[in-house]
Amino acid sequence: MKKNRLLAKWLNNDLSEDELAEFKASPDFEKYQKIKNYTEHLEIDDFDENAMLSNILNQKKETPKEIPLHNNWMFRAAAIFVLALGITFLLKFFVPQTETASFGEKTTFLLPDNSEVVLNSGSEINYKKWNWDNNRRLELKGEAYFRVAKGRRFEVQTSLGKVSVLGTQFNVKARKNRFDVVCYEGRVKVNYANFQILLTHGQSVSFENGKQTKMTVRSLKPEWTENQICFYKENIRTLLEEVERQYNIKIELNTKDTVSLFTGKLPAKNLDIALQIISTTYHLETKKVSKNKIIFDEK
């Protein structure tokens with residue numbers, strides 16, 4: 001505070017000799033002296049308050065520019081973003097979900113209750129996520145293996161029949177006019193035309209052209225999940241269609257013998273061996289026309 005008081009008195013030339021000597025001895029005196037010498041040469045015009053007020057009042061006033069909301073690209077971008085989010089939400093929760101497995105591929109996915117579904121090649125499932133707890137229904141085209149979460153219940157609908165389940169593991173196959181259901185754990189209720197059957201662990205049933213066949217299975221899960229194609233009394237054309245799906249190829253059959261039924265397994269990862277088994281069983285000659293086309297001729 002004393003330093004500031006001395007500076008003020010020095011600027012007004014009011015310092016006594018002792019005070020002036022003390023002030024000149026301060027380390028900042030030289031800096032203050034330079035500032036004082038510089039400001040003494042500055043000139044300031046007289047301040048005319050009336051002229052300044054008149055100049056402000058006479059300035060041209062511009063009308064504020066209004067920017068329409070719809071012309072602002074930022075608002076439009078935000079609106080599009082919100083709309084996209086809304087559409088995504090609707091698609092995710094209200095529009096039926098579709099899961100597919102193309103020829104030569106398998107697809108695994110989870111349902112809203114964490115039940116697991118494995119789709120075999122050339123298969124499709126449709127279901128709705130929205131209101132799943134009250135509408136546990138799937139539509140299956142082809143073949144799928146289900147591992148249902150414990151205590152969960154849902155229904156699998158196909159064009160040939162319906163399967164109702166409760167906390168179980170089972171396989172459903174609906175191809176053309178053949179309907180196969182295998183229960184690996186728990187129990188399932190199968191509805192086909194006028195038939196209703198309850199399957200338990202290790203039991204399976206097949207329906208074809210109204211004919212019912214029940215069997216016992218020892219495997220713990222479908223063979224196709226371990227890259228084996230299993231057949232039970234299948235005709236050759238149905239067998240070849242399944243081979244086409246598994247290997248994503250085209251097969252041409254030139255034979256009159258389509259009556260003999262095939263029971264057995266074919267590899268799903270070794271086409272040469274699969275073709276050899278088929279040709280030996282039906283006495284056919286195999287021709288590889290291209291990478292994706294096979295022809296079977298009678299010998």
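**Entry 1: helix α7 and the sheet**

I looked up helix α7 (residues 271–282) and found that it lies across β15 and β16, running at about 145° to β15. The angle is taken between N-to-C directions and runs from 0 to 180 degrees, with axes as lines fitted to C-alpha atoms, for helices over the stretch in contact. Helices (H or I, at least four residues) and strands (E, at least two) are DSSP runs, numbered from the N terminus. The model is predicted: local features need pLDDT of at least 70, side-chain atom pairs count only at pLDDT 80 or more, and totals for chains, interfaces and linings use all residues. I number residues from 1 along each chain as its sequence is written, and side-chain values use heavy atoms, with hydrogens and water left out.

I then looked up the sheet itself: three strands form an open sheet in the order β13-β16-β15, with mixed pairing. Two strands pair if DSSP finds at least two bridges between them. The edge strands, β13 (250–254) and β15 (284–290), each pair on one side only. Neighbouring strands of this sheet are turned by 20° against each other on average, direction ignored. I noted that β13 and β16 (residues 293–298) run parallel and are joined by five bridges. In this pair, N254 stands opposite D297 in β16.

**Entry 2: helix α6**

Helix α6 (residues 236–247) lies across β13, β15 and β16, and runs at about 160° to β13. I checked its length: at 1.5 Å a residue, the 12 residues should span 16 Å, and the end C-alpha atoms are 16 Å apart, which agrees. The expected span is 1.5 Å times one less than the number of residues.

Next I checked burial, where buried means under 20% relative accessible area, exposed over 50%, and partly exposed in between (1.4 Å probe, protein chains only). Nine of the 12 residues of α6 are buried, so the helix is largely enclosed by the rest of the structure.

At the N-terminal end, N235 caps α6, with a side-chain oxygen 3.1 Å from the backbone nitrogen of R237. Just after α6, N248 takes a positive phi of about 55°.

**Entry 3: S206**

I located S206 in strand β10 (residues 203–208). S206 counts as buried because its relative accessibility is 5%. Its side chain is joined to that of D180 by a polar contact of 2.3 Å. A polar contact is a pair of N or O atoms within 3.5 Å; within protein, one must be able to donate a hydrogen and the other to accept it, and residues adjacent in sequence count only if both atoms are side-chain atoms. Leaving out residues up to four places away in sequence, S206 touches R178, F179, D180, K211, Q212, T213 and M215.

**Entry 4: G161**

I found G161 in the loop between β6 (153–157) and β7 (162–175). G161 counts as buried, at 7% relative accessibility. Not counting residues up to four places away in sequence, G161 touches V156, F179, N191 and Y192.

**Entry 5: whole chain**

Buried residues make up 33% of its 299 residues.

Definitions and conventions. Contact = heavy atoms within 4.5 Å.
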